[in-house]
Each structure stands twice: as C-alpha cells, then as structure tokens.
Amino acid sequence: MIFCKVESLPTWGGENYLCGGVDLMSNCCGNNTREINLKVKGMSCGHCKMAIEKAVNSLDGIKYVEVNLEDGLVKVKFDFSVIDEEKIQNAIKEEGYSVV
Ligand SMILES: [Cu+2]
C-alpha cells in the first residue's frame, strides 16, 4: 500500500516530499487523484514491467505507476479530471497484455 503523506499540500513548496518513497517532484499526489490496481495477465519479466510502466507513464494525467510482477498488478495513480481508467487499460492492452 502506498500512502501519500502530502495529499493536502496545495503547492510544491519547493521541497521534495516523499509519497510512498517516490519523489513527489516527479510523482505528485494532489487533488483529483484516484488510485487503482489493475489485474494484468501476461506480465512475466522486467521487460514487461518496463514496457507497461513506460506506456502508462506516457499518458497525460498519470501521477504514478508501478508494476508488481509477483501479484500481476499494476498500481496507477491518476488525475481523474484528465484521464479515465479505460484509457489506462487501453494503453496496457496496446502493449499486448490483457486486463482482467
Ligand atoms: Cu516480460
């Protein structure tokens, strides 16, 4: 589980805050953030992990993405005013994996 420690902060404040160990300057938690865990079939190695993380990260509105190979899960935090879950699923499917 990733807990955002600074969800209520209105601005960056020029400092690096930690969000579940992730540098918030590149992965900001803020308003309109939704977290989902997608069950994805076919991920088997580091290449799969990188391909999916890269594909999802390239979408607008993505704040955080992490593939857990052992559990077959893709955790995504996104701004639901910018992107919806379907578009995220489609990006994963375009990489050749199926979302169950
Ligand atoms: Cu692979």
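In the predicted model described here, helix H1 passes helix H2 in a right-handed crossing, where a crossing is left-handed if the near helix is turned anticlockwise from the far one by less than a right angle and right-handed if clockwise. The axes of H1 and H2 come within 9 Å and cross at roughly 140 degrees, the axes being lines fitted to C-alpha atoms, for helices over the stretch in contact, with angles running from 0 to 180 degrees between N-to-C directions. That angle makes H1 oblique to H2, because angles under 35 degrees count as roughly parallel, over 145 as roughly antiparallel, 65 to 115 as roughly perpendicular and the rest as oblique. Across this crossing, Ile52, Ala55 and Val56 of H1 meet Ile88, Ala91, Ile92 and Glu94 of H2, two residues being in contact if their C-beta atoms, placed from the backbone, lie within 7 Å.

The model is predicted, and local features need pLDDT of at least 70, side-chain atom pairs count only at pLDDT 80 or more, and totals for chains, interfaces and linings use all residues. Residues are numbered from 1 along each chain as its sequence is written.

The secondary structure of the chain comprises two helices and six strands, which from the N terminus run in the order β-β-β-α-β-β-α-β; helices (H or I, at least four residues) and strands (E, at least two) are DSSP runs, numbered from the N terminus. Of the 100 residues of the chain, 22% count as buried, a residue being buried if 20 or more other C-beta atoms lie within 10 Å of its own, exposed if 12 or fewer, and partly exposed in between, with C-beta atoms placed from the backbone. Among contacts with a separation of 6 or more, 52% involve residues 24 or more positions apart.

Within H2 (residues 85–94), the buried residues are Ile88, Ala91 and Ile92. Seen down the helix axis, the buried residues of H2 fall within an arc of 100 degrees, so they line one face of the helix, the arc being that of the directions from the helix axis to the C-beta atoms. They pack against strand E3 (33–41), H1 (46–57), strand E5 (73–79) and strand E6 (98–99). On the other side of H2, Glu86 and Glu94 are exposed; for Glu94, the assignment rests on 9 C-beta neighbours inside 10 Å. The C-alpha atoms of Glu94 and Ala55, 39 residues apart along the chain, are separated by 8.8 Å.

The largest nonpolar core holds 16 residues, of which Ile52, Val56, Val74, Val76 and Ile92 touch the most other members; such a core is a set of buried Ala, Val, Leu, Ile, Met, Phe, Trp, Tyr and Cys residues joined through C-beta atoms within 7 Å. At least two residues of this core are supplied by each of E3, H1, strand E4 (62–68), E5 and H2, and its largest share, four residues, comes from E4. Leaving aside its neighbours within four places in sequence, Val56 is in contact with Ile62, Val65, Val76, Ile88, Ala91 and Ile92.

H2 is followed by Gly96, whose phi is positive, near 100 degrees, and which is placed in the loop between H2 and E6. Gly96 is exposed, with 10 other C-beta atoms within 10 Å, and its C-alpha atom is separated by 8.4 Å from that of Gly42, 54 residues apart along the chain.
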